[in-house]
Amino acid sequence: TLVVGADVTVGTLTVKAGSAVIYGTVTTLVKEEGAGEIEWHVTNVADVVNAANKADVIVFDTDMNFGNQSTININKPTKIINNAKLTFNTAWQFDNYSELTLEGEGTIHSTTRGIVQNYGTNQGVEAKLTVNGGFFSMEQNNRGSVFYNYPGAQMSLNGITVNSTFYAVYAAGNVTINGGKFTSSSHNGNGNWAYTIKAAEGGNLIINNAEVYGVQGCISGNNASTVTLNNVHAEARNIEGYTGNKAFRAVYSSGSTVTTINGGTYLSDNTMCVNVGDAYDVEAPNGTTAPIGKIIIKSGTFSDPSALHYLAEGADVKIEMTADNEIASKVSVSQKAEINLNDHKLKVSAYFSTIGSGSLAISNGSIECVDPSRNGTNPQIRSYGSSLMSFDDVEMTSNGSAVYVGDKSNFSIKNSTIEAKFFGISTNASNPNQNPTINVDNC
């Protein structure tokens, strides 16, 4: 191994065989076929430019401001090890067209709108970017993304921390996130706005065991993308000092995107922490409706009942309400759901039922049923099939009837009150085909 010392300056260094480690200054580096790995510990921006696409490993041990250095293209497999604090003033200081690995526990800050673009089929390549550890941030709040992955490219982000003012990750192509923490302060008071992480352009996004924080929203999928969330913690929270529309969705799926949620916690200061919508960024043909997204929830904890609209077969979910909320469209639960009202009020203005072998447990708060029917006798919360439904420490009121227990379902109520204009609890037990069970304790 050839070692170029820190105080050594070389005009042209040609490596024909063996490996080399450079600590000093090399004006021109030539690596011939048959040479081994070249590692360059850069100390200034000129070194970085000279090392790009020649050295195999570029190491930052010294803090560095890149000044007005233009974007550096990566056209060969390269590893960058960052142990320092780097400041980029050019949007996307690195454009990757090959295979780039970025690792180390240093920090990289962009004063503009991004750090790395990972190119794909739009440039005739299928680049691969792997980021292991480190802290990354950017300043521009109306466009850009700290990491931008194009269709056809592959990106893997592992245990990193990203603090963005717009997108933290733009995920077209194939993107996998393992652990880490991703935050965006973007909100619609800035004009343009962004979710913290966005899957788009038919991208495939997988997030495992990560934390995602946002204001406008945490995770969105658009343009027929596929999103899989495994044990993700996502929070969309309001910010102080802004009175417009604040927190939006923790998870949003639109434009034929399919989003699957496998565990985790999803919270929003908005009234719906998860939601589907049409494709605001896809133009629908005249006279047609833009495609709607899809959400499939298998498990997890959510801050409001919106999740109950998207339960997969066999789902098991918990609702931990953080504010008063409403069920305004029909919900039928054939899975397992627990709702902890947490001393909040749940307004029910549409039919809300358990069916089949479903299980619904509601506790610790109040329920207000507002019956929209003409005669006011239709109950708002029902149980059918062989389902299980229970109330514990619930105060329930209804301007019509309140609870209906049908078929062979089981309803248990304890430490609760029901005040209804008509029936508090009703059945159709006179029907010989029905055999419901009602258990009352301390009510």
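1. In which strand does T101 lie? T101 lies in β12; strands here are DSSP runs (E, at least two residues), as helices are (H or I, at least four), numbered from the N terminus. T101 counts as buried because its relative accessibility is 18%; buried means under 20% relative accessible area, exposed over 50%, and partly exposed in between (1.4 Å probe, protein chains only). Leaving aside residues up to four places away in sequence, T101 touches T78, K79, I80, T130 and N132, a contact being heavy atoms within 4.5 Å.

2. On the basis of the note: this is a predicted model, in which local features need pLDDT of at least 70 and side-chain atom pairs count only at pLDDT 80 or more, while totals for chains, interfaces and linings use all residues. Residues are numbered from 1 along each chain as its sequence is written, and side-chain values use heavy atoms, with hydrogens and water left out.

3. Strand β13 covers residues 107-110, and its side chains alternate. On one side of the pairing, β13 is joined to β10 (residues 85-88) in the parallel sense over four bridges; two strands pair if DSSP finds at least two bridges between them. Within that pairing, L86 is opposite I108. β13 also pairs with β16 (residues 135-138), again parallel and over four bridges, and S137 of β16 is the bridge partner of H109.

4. The largest nonpolar core contains 114 residues. Such a core is a set of buried Ala, Val, Leu, Ile, Met, Phe, Trp, Tyr and Cys residues joined through side-chain atoms within 4.5 Å. F147 and F352 have the most contacts inside this core. Apart from residues up to four places away in sequence, the residues that F147 touches include V116, L129, F136, M155, I160 and Y170.

5. Two cavities of 30 Å³ or more are present. A cavity is a set of points, on a 1 Å grid over the protein atoms alone, where a 1.4 Å probe fits but cannot get out; lining residues have an atom within 4 Å of a point. The largest cavity holds about 50 Å³ of space, where points are joined across faces, edges and corners and the volume is the space filled by probe spheres set on them. Its lining consists of F60, I80, L86, F88, F94, L100, L102, I108 and V116. β10 and β12 (99-103) each give at least two residues to that lining.

6. The structure has zero disulfides, a disulfide being a pair of cysteine sulfur atoms within 2.5 Å. C218 is in none, and the nearest cysteine sulfur to its own, that of C273, is 9.9 Å away. C273 is likewise in no disulfide, with the sulfur of C218 as the nearest at 9.9 Å. C218 counts as buried because its relative accessibility is 0%, and C273 counts as buried because its value is also 0%.

7. Two loop residues other than glycine deserve a look. N223 has a positive phi near 55° and sits in the loop between β26 (217-221) and β27 (226-236). It counts as partly exposed because its relative accessibility is 22%. D407 has a positive phi near 50° and is found in the loop between β41 (403-405) and β42 (410-414). At 27% relative accessibility, D407 counts as partly exposed.

Conventions
On a 1 Å grid over the protein atoms alone, a cavity is a set of points where a 1.4 Å probe fits but cannot get out, and a pocket is an open set with protein on both sides within 12 Å along at least five of seven lines; lining residues have an atom within 4 Å of a point.
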